[in-house]
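Dear colleague,

Please find the structure we discussed below. My notes on it follow directly after.

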Amino acid sequence: MLQIGIIIPALNPDDKLIALIRDFINAPTLMTKIKEIIIVDDGSDEAHQSIFTQIATLPLANLIILHHSTNHGKGAALKTGFSYLQKHFPTIPGVATMDSDGQHTVAALSSCLDKFIDNPQQLVIGVRHFTNGIPFRSQFGNVMTSGLVRLLTHQDISDTQTGLRVIPMRYLAILVHFPGDRFEFEFDMLLQAKKYHIQVVEQPIPTIYLNGNSSSHFRVIQDSIAIYARFFKFATSGVISFVIDISLFYIVLFLLGNHILDSILVATIISRVLSSIVNYAINHQIVFNHAGHQTFLKYACLFIVQMLASGFFTDALTMILPASNGQFMPTVAKMIVDFILFIISYQIQRDFIFKERPQHVK
């Protein structure tokens, strides 16, 4: 019979964690599918150590508690559990993760496990149904991260922040080497799944929030910044290039003294060459982390096409917009055109120029 490992990261847990372990004890059918349950104490303070002491006395033979001397973050706690299972139970097909705050039930885990059994190569996530009764920060954060995953990976994942997951063992071997030790680790797990040919499938689970989700250790500012780091990098790259591009475009038009087609093309070429050099360097080295093959040649081709399109469409839009003296209206037209081209360019850079080569895991 298929048996998996369970990992429950815990920071300053309360009686809800004890209740969860008791629910495992009272679910003998589910326990036949579980090889080991690992609770990772992620540096809980002294006042909460009694919770782990009580759990250790419960009649559950395949339960182990691991301790971090100080708090390292949820991602680090998960990786500690992953490493332990890799070492002691390398032949199990997968590992489930659960939160310790009462949001996940053994019934929800069982439903996810049933879906995982159908295809042990998939990453199964327990997705919650978000309603008006859900805390705002949870709804907002989930909508933001779901949209970002859809933009970056073309995967439609409705609940990116769920901690209830069943992970195939072949993906586990990769995850233990992922950077990030806090909540961004779980986000990257979904973001990188397609790269390693891991299909993400969803299983509906009950939505449980106790006391407005006050037990969550998610740090709104710090952890959000870590999660959205990739997006911030690309946005920053675009802003820097845009400022260089539009500034040089305005200056060149000012020096030429008119805004006929020839002048617009000259200004576009000069501004785009310099801004694109900066954009390529940032995207290649920082945003896409040196991914892709023959990127400079591909980027150069995109640059030429985009530059010509920018010049001609800016001229066409300038003719449509109200006439004005000086360089203001052509600059406005260029901003509109280049914003549209920026969106198209990102898709091309991500899917063709800086596309990562598929990685295969055994």
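I begin with Glu46, which is located in the loop between β2 and α3; helices (H or I, at least four residues) and strands (E, at least two) are DSSP runs, numbered from the N terminus. Glu46 is exposed, with a relative accessible area of 69%. In these notes, buried means under 20% relative accessible area, exposed over 50%, and partly exposed in between (1.4 Å probe, protein chains only). The C-alpha atom of Glu46 is separated by 8.9 Å from that of Asn12, although the two residues are 34 apart along the chain.

Please note the basis of these values. This is a predicted model, in which local features need pLDDT of at least 70 and side-chain atom pairs count only at pLDDT 80 or more, while totals for chains, interfaces and linings use all residues. Residues are numbered from 1 along each chain as its sequence is written, and side-chain values use heavy atoms, with hydrogens and water left out.

Overall composition

The protein has 13 helices and seven strands. Of its 362 residues, 50% count as buried. Contact means heavy atoms within 4.5 Å; among contacts between residues at least 6 apart in sequence, 79% join residues at least 24 apart. The protein exposes about 17,400 Å², of which carbon and sulfur atoms supply 64%; accessible areas come from the Shrake-Rupley method with a 1.4 Å probe, and for residues only the protein chains shown count as cover.

The sheet

Seven strands form an open sheet in the order β3-β2-β1-β4-β6-β5-β7, with mixed pairing. Its edge strands are β3 (63–68) and β7 (200–204), each of which pairs on one side only. Two strands pair if DSSP finds at least two bridges between them. On average, neighbouring strands of this sheet are turned by 20° against each other, direction ignored. Axes are lines fitted to C-alpha atoms, for helices over the stretch in contact, and angles run from 0 to 180 degrees between N-to-C directions.

Helix α1 (residues 15–25) packs on the sheet, where it touches β1 (4–10), β2 (34–42) and β3. The direction of α1 makes about 165° with that of β1. Helix α4 (residues 74–88) lies across β1, β2, β3, β4 (94–97) and β6 (165–168), and runs at about 145° to β2.

Strands β2 and β3 run parallel and are joined by six bridges. Within this pair, Ile37 stands opposite Leu63 in β3. From β2 the chain crosses through helix α3 (residues 49–56) to β3, and this β-α-β crossover is right-handed; that is, with the strands pointing away from the viewer, the path from the first strand over the helix to the second runs clockwise.

Strand β5

Strand β5 (residues 123–127) runs parallel to β7, and five bridges join the two. Gly126 has Gln203 as its bridge partner in β7, and Ile125 stands opposite Glu202. Towards β6 the arrangement is antiparallel, with two bridges; there, Val124 stands opposite Val166. Five of the five residues of β5 are buried, so this strand is largely enclosed by the rest of the structure. Leu123, Ile125 and Val127 point one way from β5, whereas Val124 and Gly126 point the other way.

Individual residues

Two residues other than glycine have a positive phi and may interest you when you inspect the backbone. Asn12, in the loop between β1 and α1, has phi near 50°. This residue is partly exposed, with a relative accessible area of 26%. His197, in the loop between α8 (183–191) and β7, has phi near 60°. At 42% relative accessibility, His197 likewise counts as partly exposed.

Thr331 lies in helix α13 (residues 328–353) and is buried, with a relative accessible area of 10%. Not counting residues up to four places away in sequence, Thr331 touches Ile246, Phe249 and Tyr250.

As to cysteines, the structure holds zero disulfides, a disulfide being a pair of cysteine sulfur atoms within 2.5 Å. Cys112 counts as buried at 0% relative accessibility, whereas Cys301 counts as partly exposed at 46%.

With kind regards
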